[in-house]
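Here's a walk through the pockets and a bit of the surface of one protein model. Have the structure open beside you as you read.

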Amino acid sequence: MSNISTFGKITHNSLLQAFENSGDPVAITDANLDEGIKFIYINKAFCEETGYEKKELIGKSPKILQGQRSNKKLLSSLKEQLKTTGSFKGQTINYKKDGSEYIVKWTISELKDNNDNVIAYISFHKIITQFIKSRNENKLFQKIIEQVPSSIIITDLQANIIYANNSFLENIQYTKNELIGENARILKSG
């Protein structure tokens, strides 16, 4: 029962302060889906990520962040999904004030008043540009390693095999399933 009474003490200002201190971008828009939603709040992390100042975004449409490579099909479904389910999840390319791209994954949820009327939407963003770049670089590195003629094996600190390229597997006549997870001692003869 104390958790419920504690939750009741959370104020509008304390929530906004928590959003402001969040390391992840947070935005709140009005609920005017038919006329086009506008930003009514953005936090410090949102400004840092996009390069815009708050005064440049408040009252503006989130479309200010869209550009040539933004996923138009996904963005066009956003409005209908919010109307039918009250929430939305998506990922697209957005654009900073300087025109540079960033990849964002975000979740939007409706905010309701005491009479169950939708009064705003809150959007939590995860900027995943670096994650996508690293993943793509890892895939490229893995393709290169698979194609080199030299034998390559990678172990952890306890000498358990965590990777072997095709050349290595061909030389020792093991399959990946037989080798990965085994200790490198398995390769000793006698």
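For the classes used below, Ala, Val, Leu, Ile, Met, Phe, Trp, Tyr, Cys and Pro count as nonpolar, Asp, Glu, Lys and Arg as charged, and the others, Gly among them, as polar. Keep in mind that this is a predicted model, where local features need pLDDT of at least 70, side-chain atom pairs count only at pLDDT 80 or more, and totals for chains, interfaces and linings use all residues. Residues are numbered from 1 along each chain as its sequence is written, and side-chain values use heavy atoms, with hydrogens and water left out.

Start with the largest pocket, at about 530 Å³. (A pocket is an open set of points on a 1 Å grid over the protein atoms alone where a 1.4 Å probe fits, with protein on both sides within 12 Å along at least five of seven lines; lining residues have an atom within 4 Å of a point.) It has 25 lining residues, and Ile37, Pro62, Lys63, Gln66 and Leu78 sit closest to its centre. Sorted by class, that lining is 15 nonpolar, eight polar and two charged residues.

Now hop over to the second largest pocket, which holds about 370 Å³ of space. Of its 13 lining residues, His12, Leu15, Ile28, Leu111 and Ile119 come closest to the centre. Here the lining splits into nine nonpolar, two polar and two charged residues.

Finally, look at Ile186. This residue counts as partly exposed because its relative accessibility is 32%, partly exposed being the range between buried (under 20% relative accessible area) and exposed (over 50%), with a 1.4 Å probe and protein chains only.

Key:
Points joined across faces, edges and corners; volume = space filled by probe spheres on them.
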